[in-house]
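Here are my notes for your review. Please read them with the model open.

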Amino acid sequence: MFFSWNQMLLLFFIYSFLGWCVEVSFVAVTVGKVVNRGFLNGPVCPIYGSGMLGVLVLLLPTKDNLLLLFLGGMLICSAVELFGGWILDKIFHMRWWDYSDRPFNVGGYICLSFSIMWGLAVVFAVKFVHIPLMAVIKRIPYFVQIILIVVFGIIMLIDFIMTLKKLIGIKNSLGQLEKIAEDLRSIGDQLKDVIGNSAIEVKDKAEQSKEKIDEMAVETKKKLQSRQEELEIYSLRHTNKIHKHRKYLRNSLVALNKSGKRIKILEYIKEIKMESKENNLDS
């Protein structure tokens, strides 16, 4: 499947934003802190947009082959993450992520566990996110797409310039550009709080639900064990009664056979039952 240049740019901006949301949510759930994980001031992670564009261009024709999609997603995203992490480290001497404490890592830039996660994420994105997303993009008029691309492009360019200025240490004021960067930071912080706190809240509710389910499982297990014990006792009592009646019947038949009488078994059993009832009434 081929994309037009305007579709590719819109996909880049959208997946950069979605990637930023994923990063904020992941850190909030795993670390318990709400942090802006982006390299820029605004709510975007361009490395996600770049990775997904590579995945869509190279792997979309193989979307029906889940294994190839998974393995290709692992390789492409890991390559983008390795290159992006190395560039940021060498130019700015800073690391926005570090996998040095994880097994099977390469320079701390990538590791096996996260590469597997990227592969799974690519399968999910291609199968469940990209199709409805493209349907929405195709419904946007061409001139509106151009306006969105120009606006998002200018905002991201300003954000990149201001971030670069801060990292390099340039102290000269850039006037209105700094105001735009501050506004972007403010927007990012507000979205960060909403998304991060929502992720933590969902995690807490999930843990509470799990605890309730565990309690219910323990209680149900106790009830089943108690019921099983009652059934075993009930079964043992009736088994003993059956053995007792069988023994009594066998002895009685032996005694009657020795006396030479003809025996009608069904009538004899009825007589025994009647005698048992009379004995119970007398007692």
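Is K192 buried or exposed by relative accessibility? Point 1 takes this up. The model is a predicted one.

1. K192 counts as buried, because its relative accessibility is 14% and the cut-off for buried is under 20%. Its side chain meets that of D189 in a salt bridge, at 3.6 Å from N to O. D189 counts as partly exposed, at 26% relative accessibility. Both residues belong to helix α6, which spans residues 176-259. They sit three residues apart, or about one turn of the helix.

2. Helix α6 holds another such pair, E230 and R227, again three residues apart and separated by about one helical turn. Here a salt bridge brings the closest N and O atoms to 3.3 Å. E230 is partly exposed, with a relative accessibility of 43%. R227 is partly exposed too, at 48%.

3. Which parts does the pair D64 and K127 tie together? D64 lies in the loop between α2 (46-59) and α3 (66-92), while K127 is in helix α4, so the link joins parts 63 residues apart in sequence. The two residues form a salt bridge whose closest N and O atoms are 3.9 Å apart. That value falls within the 4 Å limit for a salt bridge. D64 is exposed, at 65% relative accessible area. K127 is partly exposed, at 31%.

4. D89, R95 and D98 deserve a look as a group: salt bridges link them in a network. The total for the model is nine salt bridges.

5. How do helices α1 and α4 pack, and at what angle? Helix α1 covers residues 5-31 and helix α4 covers residues 112-139. Their angle is about 130 degrees, and their axes are 11 Å apart. The two helices are therefore oblique to each other, since angles over 145 degrees would be needed for roughly antiparallel. The crossing of α1 and α4 is right-handed.

6. The contact between these two helices can be listed by side. From α1 come Q7, L10, L11, I14, Y15, L18, E23 and F26. From α4 come F114, M117, W118, V129, H130, L133, M134, I137 and K138. By class, the contact of α1 with α4 has 13 nonpolar residues, two polar and two charged.

7. One point on α4 to keep in view: this helix packs with α1, and its residue K127 also forms the salt bridge with D64.

Terms used
Residues numbered from 1 in each chain as written. Predicted model: local features only at pLDDT ≥ 70, side-chain atom pairs only at ≥ 80, totals over all residues. Heavy atoms only, no water. Axes fitted to C-alpha atoms, helices over the stretch in contact; angles between N-to-C directions. Helix = DSSP H or I, 4+ residues; strand = E, 2+ residues; numbered from the N terminus. Parallel < 35°, antiparallel > 145°, perpendicular 65-115°, else oblique. Left-handed = near helix turned anticlockwise from the far one by under 90°. Contact = heavy atoms within 4.5 Å. Nonpolar A, V, L, I, M, F, W, Y, C, P; charged D, E, K, R; others polar. Buried < 20%, exposed > 50% of the residue type's maximum accessible area, 1.4 Å probe, protein only.
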